[in-house]
Amino acid sequence: MNLELPPPAAATILLSGGVSIAAWRAGSLTGTGAVAAFAIGAAALSRAWGWGAFLITWFLLASVLSRTGKARKLRQTDGVVEKGSRRDAMQVVANGGVFGLLSLASTILTGLLGELGSTGIIELRDLMELLSVSAAAALVAAGADTWATEIGTLRGARPWSLRTRARVPVGTSGAVSLPGTFASVAGAVVLASAASMLGVIPTAALLLVASCGFVGASVDTVVGAWWQDRRWCPACRMETEQAVHRCGVSTVHRAGSTLLTNDVVNLVCTISGALLAALLWTLR
C-alpha cells in the first residue's frame, strides 16, 4: 500500500463509516459526533491513506487515554467540566475540523498537480507541503491538549491556575500540572512522529510540528485561563463550565466571554498550531 495515494472512493466511504460507527457503538462518540467524524475521516482519506491512518491513530490514542481510569476521572471532574468523555459533533469539529479542511485543500491541489504535470508548478508543490505541515500541526495541537487533560486528570494532582496562581479543582480550564505538561510534550512528539512515519509531513518538519502542536495546546490553556466562559453555581457555590450544574440549578455567567466555550477554545488551539507551523515553515 502506497501511503501517499488515496484509496478508492468506495474504500474511503466504507472505512470512514466503519470507524465512525465502531466508535459510536463503543461509546467514544455520540450520534452527531460519529457523523462529524465520518466527514473528517473521508476528507483525510481523500488526500491519502497516510492521512487517514494518522487521523485514526490520533483518535485511537485519544480514546485509550480517555477510557483509562474513566470512572476515577469522572469522579474528580464531576461538576466542573462541561461535557463527558463521549465526543459530540462540536468536540469532533473543534479537534479535527482544521485538519479536515486542510486535507480537502491539499486534495484539490493534488488534483491540480495531476492535471498540470510537473513543469512550472513549483509553487503548488510548496503550497501542498505547507498545507501538510499546517494540517498535521493542528491535529498534533489537539492531541497534545487531550493528552495533557487525560493524563493530568488521571494522576489526580490539583493543578495550578495560570490566572490566579492558586490550586484549583481537577478539570478546571486554564490550569496546569507537572504530569499534564509532560503528557502534552509527549503527545506532541508521539503524534508528530506518527505524521512523519505515515508520510503526512516530511521528516524535516517533525520537530517543528511537535513544537507548534505543544504551543497550540499552551494557547488553549492561556485562553482558557483568562477568556473562556466561566460560570458559577449559586447552589453549590462553585465555578463550573456547565450551563446547568450537576445539582440541576442553572448556572450564571461569572467571567470571560460567553462565546468562548470549551469547544471554541479547542478550535483556537488547533488554529494556533496550524498558523504557527505555516509561518515557521515558510520562514525556515
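R237 is exposed, at 61% relative accessibility, and sits in the loop between β3 and β4. Its phi is positive, about 55°, although R237 is not a glycine. The model is predicted.

**Positive phi**
- R237 belongs to the turn of a hairpin formed by β3 and β4, with 4 residues between the two strands.
- R165 also has a positive phi, about 60°, and is not a glycine.
- The loop that holds R165 runs between β1 (160–161) and β2 (175–176).
- With 64% relative accessibility, R165 counts as exposed.

**Strands around β3**
- Strand β3 (residues 230–233) runs antiparallel to strand β4 (residues 238–240), and 3 bridges join them.
- Strand β5 (residues 252–255) is likewise antiparallel to β3 and joined to it by 3 bridges.
- R231 has a bridge partner on each of these strands: T240 in β4 and H253 in β5.
- R230 and W232 point one way from β3, while R231 and C233 point the other way; all four residues are buried.

**Cysteines**
- The structure holds 0 disulfides.
- C233 is in no disulfide, and its nearest cysteine sulfur, in C247, is 3.6 Å away.
- The cut-off for a disulfide is 2.5 Å between sulfur atoms, so the sulfur of C236, at 3.7 Å from the closest cysteine sulfur, that of C247, is too far for a bond.
- C233 is buried at 0% relative accessible area, whereas C236 is partly exposed at 32%.

**Salt bridges**
- The count comes to 5 salt bridges.
- K73 and E150 meet through their side chains at 2.6 Å, N to O.
- R284 and E129 form another salt bridge, at 3.6 Å, N to O.
- R284 is exposed at 62% relative accessibility, and E129 is partly exposed at 28%.
- R254 pairs with E239, with the closest N and O atoms 3.6 Å apart.
- This pair links strand β5, which holds R254, to strand β4, which holds E239, across 15 residues.
- R254 is partly exposed at 47% relative accessibility, as is E239 at 27%.

**Nonpolar core**
- The largest nonpolar core has 52 residues, of which F54, F99, V133, V200, I201 and V209 touch the most other members.
- Two or more residues each come from α2 (31–47), α3 (49–67), α5 (89–116), α6 (122–155), α7 (178–197), α8 and α9 (262–283).
- Helix α6 gives the largest share of this core, 13 residues.

**Surface patch**
- V222, W226 and W227 make a nonpolar surface patch of about 310 Å².
- W226 lies in helix α8 (residues 206–226).
- At 39% relative accessibility, W226 is partly exposed.

Methods: Residues are numbered from 1 along each chain as its sequence is written. This is a predicted model: local features need pLDDT of at least 70, side-chain atom pairs count only at pLDDT 80 or more; totals for chains, interfaces and linings use all residues. Side-chain values use heavy atoms; hydrogens and water are left out. Patches are made of residues with over 30% relative accessible area and no salt bridge: like charges are joined within 9 Å, nonpolar side chains (Val, Leu, Ile, Met, Phe, Trp, Tyr) within 5 Å. Accessible areas come from the Shrake-Rupley method with a 1.4 Å probe; for residues, only the protein chains shown count as cover. A salt bridge is a side-chain nitrogen of Lys or Arg within 4 Å of a carboxyl oxygen of Asp or Glu. Buried means under 20% relative accessible area, exposed over 50%, partly exposed in between (1.4 Å probe, protein chains only). Two strands pair if DSSP finds at least two bridges between them. A nonpolar core is a set of buried Ala, Val, Leu, Ile, Met, Phe, Trp, Tyr and Cys residues joined through side-chain atoms within 4.5 Å.
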